[in-house]
Amino acid sequence: MGANHDHDPHPAPPARGRALRLGVGGPVGSGKTALVAALCRTLRDDLRLAVVTNDIYTTEDADFLRRNAVLSDDRIAAVRTGCCPHTAIRDDISANLDAVESLERRHAPLDLVIVESGGDNLTATFSRGLVDRQIFVLDVSGGDKVPRKGGPGVSGADLLVVNKTDLAPLVGADLGVMDRDAAQVRRGKPVIFSSLRERPGAPEVTGWVRSVLAETHEARSAAGAARPAVAPGAP
């Protein structure tokens, strides 16, 4: 019983001629906004970036990013969902898609648009109609049992980040157990353990993002090269 969290009503949009769109989701307080800020600081010097944040009633996360000047203010858009966070990133993506496309028009060409979900539970996933890749962020303060609970966010995201590892000794979380359980649930998909206090630039996550961008660029270039030439004047 319950909702079908695997159903995605939105097809992926054509990839050609637009930025890579990266979703960042996870529970409240897991460190999503701090991770987005770290990615922006690390990548902004050599990539063209923009960010869309989601909050139910406020613009708290966008305000945090602007106060910390991770990008210019006009490259950060806030969506007030007025509903459960997963609804706005999976079921009715119109407000987020409008924000993404508006940023892409105003700042074209962009390399990467990051869409941060509001805090949600383990079922939260992004529609492929909204993002091309997704990161799911957990933190150790929820206990070392969380990865083995699974859920579409934990098992299905392109990257799982287990955040705030510096807190593990304080909350009695066994990182070895979390690593083992995450590997079992994710069946070979990547898992990164991170502490933004110890490594503020999130180098492992940044490296993963760069590799995805390179892979995407290569795939789009190959697809463009394979496109048949159109003769001048042809319909």
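Leaving aside its neighbours within four places in sequence, which residues is L112 in contact with?

**View 1. The surroundings of L112 in the largest nonpolar core.** The structure shown is a predicted model, in which local features need pLDDT of at least 70 and side-chain atom pairs count only at pLDDT 80 or more, while totals for chains, interfaces and linings use all residues. Residues are numbered from 1 along each chain as its sequence is written, and side-chain values use heavy atoms, with hydrogens and water left out. With neighbours up to four places away in sequence set aside, L112 is in contact (heavy atoms within 4.5 Å) with A19, L20, L22, L43, R48, L49, A50, V209 and L213. Buried here means under 20% relative accessible area, exposed means over 50%, and partly exposed lies in between, with a 1.4 Å probe and protein chains only. Two or more residues of this core come from each of β1 (20–25), α1, β2 (49–55), α2, β4 (112–116), β5 (133–139), β6 (159–163) and α9 (203–226); helices (H or I, at least four residues) and strands (E, at least two) are DSSP runs, numbered from the N terminus. Helix α1 gives the largest share of the core, seven residues. Another core, of 17 residues, lies apart from this one, and among its members are I89, L103, V115 and V131.

**View 2. The open sheet of seven strands.** Strands of a sheet pair through backbone hydrogen bonds, either parallel or antiparallel. In this sheet the order is β3-β2-β4-β1-β5-β6-β7, with parallel pairing, where two strands count as a pair if DSSP finds at least two bridges between them. At the edges stand β3 (76–80) and β7 (191–193), each with a single partner strand, so one side of each has no neighbour in the sheet. From one strand to the next, the twist averages 20°. Helix α1 packs on the sheet and touches β1, β2, β4 and β5, its direction making about 165° with that of β4; axes are lines fitted to C-alpha atoms, for helices over the stretch in contact, and angles run from 0 to 180 degrees between N-to-C directions. Helix α8 (residues 175–186) lies across β6 and β7 and runs at about 165° to β7.

**View 3. Strand β5 and its partners β1 and β6.** Six of the seven residues of β5 are buried, which leaves this strand mostly covered. The parallel strands β1 and β5 are joined by four bridges; G23 has Q134 of β5 as its bridge partner, and L22 stands opposite R133 in β5. Five bridges join β5 to β6, which also run parallel, and F136 has L160 of β6 as its bridge partner.

**View 4. The crossing of helices α1 and α2.** Two packed helices are described by the angle between their axes and the distance between the axes. The axes of α1 (residues 32–43) and α2 (residues 60–67) come within 10 Å and cross at roughly 35°. The crossing is right-handed, meaning that the near helix is turned clockwise from the far one by less than a right angle. T33, V36 and A37 of α1 make the contact together with D61, F64 and L65 of α2. These residues divide into four nonpolar, one polar and one charged, where Ala, Val, Leu, Ile, Met, Phe, Trp, Tyr, Cys and Pro count as nonpolar, Asp, Glu, Lys and Arg as charged, and the others, Gly among them, as polar.

**View 5. T53 in strand β2.** T53 is buried, with a relative accessible area of 0%. Not counting residues up to four places away in sequence, T53 touches D61, A62, L65, A77, A78, V79 and E116. T53 and I76 lie 23 residues apart in sequence, and their C-alpha atoms are 7.6 Å apart in space.

View 6. Most residues other than glycine have a negative phi, and most peptide bonds are trans.

Technical notes
Core = buried A, V, L, I, M, F, W, Y, C linked by side-chain atoms within 4.5 Å.
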